[in-house]
Amino acid sequence: LGKFLDVPLHKYLGINKRDNIYSLYTIGISDSLKIKQKVEDASEFKFLKIKLGSKNDKEIILKLRELTDKHLFIDVNQGWSDKYFALDMIGWLAEQNVMLIEQPLPKENFEDVNWLNERSPLPIIADEAVQTINDLRNIKHLYSGVNIKLMKAGGIRQAYRMMQNAKELNLKIMLGCMTETSCAITAASHLAPLADWVDLDGAELISNDLFAGMKIKDGALNIPNLPGLGVEKITK
């Protein structure tokens, strides 16, 4: 439709582009040598997203703090099972230049999540606990915000509706992704101006990308102005 109307997706949706939208760069659970390499790989990014949920969570953060003083965003992927342990960890992480905690407890532990969110010194963001727009109202009092992904929401229009609905519910918004090609990442980038935080590094983490589209330079998004998504097929 954007190509038919000769307008980029963000303009079709009435979203005003803005500069200085920075993406997180994801570092998975790794040993010290791999962490060092990944921090070097992420040198152009201002913010790092760190996967936790192992027995070595503190060691991972301490190693990172030897290497960088960048802001950290923590994704536990439901990896902590005890709410008291989670609260202690979040209190410690709050002293390590950490900005937020994503899905610290299993999504079905509603009472524990609510207890933790009420006491946490950092925002608690829902990921696995929210897939579609219908899930938002069920978690609005349990979390501070929500991670919205095109692949969970059901595409561009549903993700856009979710972002609008989340704002109405006073939920913070992270625009996220899976490990995806630049086709999907570029589609999501057009929604980035509506988000509080952006995690669109999926295409940076693969070596077989078939498309060219949204570029990340010095950690910032360069959203295309071409009609439609602004995606082109790479020909070899």
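Mentor: A residue is called buried when its relative accessible area is under 20%, exposed when over 50%, and partly exposed in between, using a 1.4 Å probe and protein chains only. This is a predicted model, in which local features need pLDDT of at least 70 and side-chain atom pairs count only at pLDDT 80 or more, while totals for chains, interfaces and linings use all residues. Residues are numbered from 1 along each chain as its sequence is written, and side-chain values use heavy atoms, with hydrogens and water left out.

Trainee: Why does D199 count as buried?

Mentor: D199 counts as buried because its relative accessibility is 3%. Helices (H or I, at least four residues) and strands (E, at least two) are DSSP runs numbered from the N terminus, and D199 sits in the loop between strand 8 (197-198) and strand 9 (211-212).

Trainee: Which side chain makes a polar contact with the side chain of D199?

Mentor: A polar contact is a pair of N or O atoms within 3.5 Å; within protein, one must be able to donate a hydrogen and the other to accept it, and residues adjacent in sequence count only if both atoms are side-chain atoms. Here the partner is the side chain of K49, at 2.8 Å. Contact in general means heavy atoms within 4.5 Å, and, leaving aside neighbours within four places in sequence, D199 is in contact with residues including S23, T26 and M174.

Trainee: Is L169 buried or exposed?

Mentor: L169 counts as buried because its relative accessibility is 14%. L169 lies in the loop between helix 9 (156-168) and strand 7 (172-176), and, neighbours within four places in sequence aside, L169 is in contact with L136, R137 and K140.

Trainee: Which residues of helix 5 are buried?

Mentor: In helix 5 (residues 83-93) they are K83, A86, M89, I90, W92 and L93. These buried residues pack against several elements, among them helix 4 (57-67), strand 3 (71-75) and helix 6 (110-119).

Trainee: How many residues has the largest nonpolar core?

Mentor: A nonpolar core is a set of buried Ala, Val, Leu, Ile, Met, Phe, Trp, Tyr and Cys residues joined through side-chain atoms within 4.5 Å. The largest has 69 residues, and those with the most contacts inside it are I50, I74, W80, L93 and I101. A second, separate core of seven residues includes L24, F47, L100 and I125.
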